[in-house]
Amino acid sequence: MKCCVVTLGCQMNQSDSERIRSVIEGMGFEMVDTEEEASLIGVVACSVRQKAIDKVYSKIRKWNQWKNEKPLVTFVSGCILPADEEKFLKQFDLVFRMNELPDLPDMLHQCGVASEFSAKHPFNDLHREDERTDFWQIDPTYSSDFDAFVPIQNGCDKFCSYCAVPYTRGREVSRASEDILAEVRRLVERGVKAITLLGQNVNSYGLDKKGQEISFAQLLRKVGELGQASGKEFWVYFTSPHPRDMTRDVIEAIADYDCLAKQIHLPLQSGDEKLLRRMNRNHSIEDYLKIVDDIRELLPTATLFTDIIVGFSGETDEQFENSAKVMERVGYNMAYVAKYSPRVGARSARWEDDISPQLKSERLARLSEILKRTSKAHNDAMVGKTYRVLIERVDPRMASALSGRTEGKLPVRVVDAPAELVGTFQEVEITSASELSLTGRLA
Ligand code: SAH
Ligand code: SF4
Ligand code: F3S
């Protein structure tokens, strides 16, 4: 029996998929990459933009046609807005939420899927404590031997006016810090080289269990201590923090431990005061820039990444220019710029989507141009110096080269290097820089 799971969306969904995979493999299925081969197909959906959800509709249309030719069971999970869920219930055999994952084998049985439980079933050690968080006890089938995601929190209480996530993932809930640290410890013992702590607002970690759970800064310190005691080399990242909860103690913790990577993803969304308020971000531009200054002071080598939305409802030329100004001022190494897409249920869907697709594209191109310039300036300054690089793969465009990332997550192509270095740290001398990447050779 073969199963294919298609994962859309962010690292949160990729991490959830690793646990879905464990459960399905535990039922005796072999996981395959091609949909055509599978008798059980699932999609882990993303609702952040309409384009991602359109993809789910086109997939299920195709899969339902295949059902005329062969037996096939389909499911959908991940981030689904209530309006889509109603439609999915009619088109998919099964719709489930991640917290229902422990019941997936039973639910699939009801859809007629037979299963042989293996002795090593991921549920053998499952103890039911809290239905919102039990699924994290399931051991994930990690997609990489050296780069792992560790979820620390699910859901979101911030309700930014444009965003689907509070309606798809529900209220914020923190995973027990003991369980997080146990997973990190296991990964470190296994020799993993990069770990990313995941959540929608990682730095509000613990606030839902005030008095019972440690804070995000304390969690980082515990990870840092674990790293020091292990004597191993690895880099720990986290994504995404929210500027509103980005206290100085988080930055201080990162400064104090070698294993806490000097790379910060700090979402901006807009560089305009009034628009930020309409987005319900609950912080000012001044607050944001103060965090940037703290990062520059305490973590002078840190790279800075961000997310920005262009063409939000009512965004004037002047307001857009303010985003451009903040981009110039901060000088990001990377920015993910998205065109605004109204999401049913989110507050801004009631406001007019009044920026034309063409103007959105123009604004996106402007910000990309600024990003390329600031990123190139950072990259140029690295030429001639040597950096530690985690080698990730053979370069897809050049068989004799490898590609990897610096601690700051900057992509580096390493020329004339053997494939057996994949998954190791290497000293790389940077020989040239382009707008969004670097080239180097083994030092
Ligand atoms: N929790 C994170 C964001 C998660 S959503 C934060 O607070 O920043 C990931 C990214 O998708 C966001 O940073 C935003 O840039 C983009 N995004 C979210 N909703 C969007 C929408 N309606 N239209 C366009 N982009 C959106
Ligand atoms: Fe969405 Fe805002 Fe929550 Fe981020 S903080 S997931 S943008 S509502
Ligand atoms: Fe998409 Fe859900 Fe991530 S909506 S961006 S997959 S949290």
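A residue is called buried when its relative accessible area is under 20%, exposed when that area is over 50%, and partly exposed in between (1.4 Å probe, protein chains only). The structure is a predicted model, in which local features need pLDDT of at least 70, side-chain atom pairs count only at pLDDT 80 or more, and totals for chains, interfaces and linings use all residues. Residues are numbered from 1 along each chain as its sequence is written, chains are lettered from A and ligands numbered from 1 in the order in which they are written, and side-chain values use heavy atoms, with hydrogens and water left out.

**Stop 1**

Select Asn282 to begin. This residue is partly exposed, with a relative accessible area of 47%. Asn282 lies in the loop between helix H9 (273-278) and helix H10 (285-298); helices (H or I, at least four residues) and strands (E, at least two) are DSSP runs, numbered from the N terminus. The phi of Asn282 is positive, about 60 degrees, although the residue is not a glycine. Most residues other than glycine have a negative phi, and most peptide bonds are trans.

Select Lys409 next, in the loop between strand E15 (402-406) and strand E16 (411-415). Lys409 also is not a glycine and has a positive phi, of about 65 degrees. Is Lys409 buried or exposed? Lys409 is buried, because its relative accessible area is 19%.

Then display the peptide bond from Thr239 to Ser240, which is cis, with omega near -10 degrees. Ser240 belongs to the loop between strand E10 (235-239) and helix H8 (248-256).

**Stop 2: ligand 1**

Select ligand 1 and the residues around it (those with a heavy atom within 4 Å). There are 14 such residues, of which Tyr162, Gln200, Gln269, Asp307 and Ser341 come nearest. The shell divides into six nonpolar, three polar and five charged residues. Here Ala, Val, Leu, Ile, Met, Phe, Trp, Tyr, Cys and Pro count as nonpolar, Asp, Glu, Lys and Arg as charged, and the others, Gly among them, as polar. Strand E12 (303-310) and strand E13 (334-339) each supply at least two residues of this shell.

Now look at individual atom pairs. An oxygen atom of ligand 1 is 2.7 Å from an N or O atom in the side chain of Gln269. For Arg281, a side-chain N or O atom is 3.0 Å from an oxygen atom of the ligand. For Arg49, a side-chain N or O atom is 3.4 Å from a nitrogen atom of ligand 1. Taken alone, ligand 1 exposes 540 Å², and the protein buries 89% of that; such areas come from the Shrake-Rupley method with a 1.4 Å probe, and for residues only the protein chains shown count as cover.

**Stop 3**

Move to ligand 2. Among the residues around it are Cys156, Cys160, Cys163, Tyr162, Gln200 and Arg281. Its shell divides into seven nonpolar, three polar and two charged residues.

Which residues surround ligand 3? They are Gly9, Cys10, Asn13, Cys46, Ser47, Val48, Cys79, Arg169 and Gln200. This shell comprises four nonpolar, four polar and one charged residue.

**Stop 4: the nonpolar cores**

Select Ile195 and Phe238. Of the 58 residues in the largest nonpolar core, these two touch the most other members. A nonpolar core is a set of buried Ala, Val, Leu, Ile, Met, Phe, Trp, Tyr and Cys residues joined through side-chain atoms within 4.5 Å. A second, separate core of 24 residues includes Ile24, Val73, Met98 and Ile138.

**Stop 5: Ser174**

Select Ser174, in strand E8 (residues 173-174). It counts as buried, because its relative accessibility is 1%. Its side chain makes a polar contact with the side chain of Asp208 (2.5 Å). A polar contact is a pair of N or O atoms within 3.5 Å; within protein, one must be able to donate a hydrogen and the other to accept it, and residues adjacent in sequence count only if both atoms are side-chain atoms. The side chain of Ser174 also reaches the backbone nitrogen of Gly206 at 2.9 Å.

**Stop 6: two last residues**

Select Asp258, in the loop between H8 and strand E11 (263-265). Asp258 is exposed, with a relative accessible area of 72%. Its C-alpha atom is separated by 36 Å from that of Leu364, 106 residues apart along the chain.

Finally, select Arg441 in strand E18 (residues 438-442). At 43% relative accessibility, Arg441 is partly exposed. The C-alpha atoms of Arg441 and Asp416, 25 residues apart along the chain, are separated by 7.2 Å.
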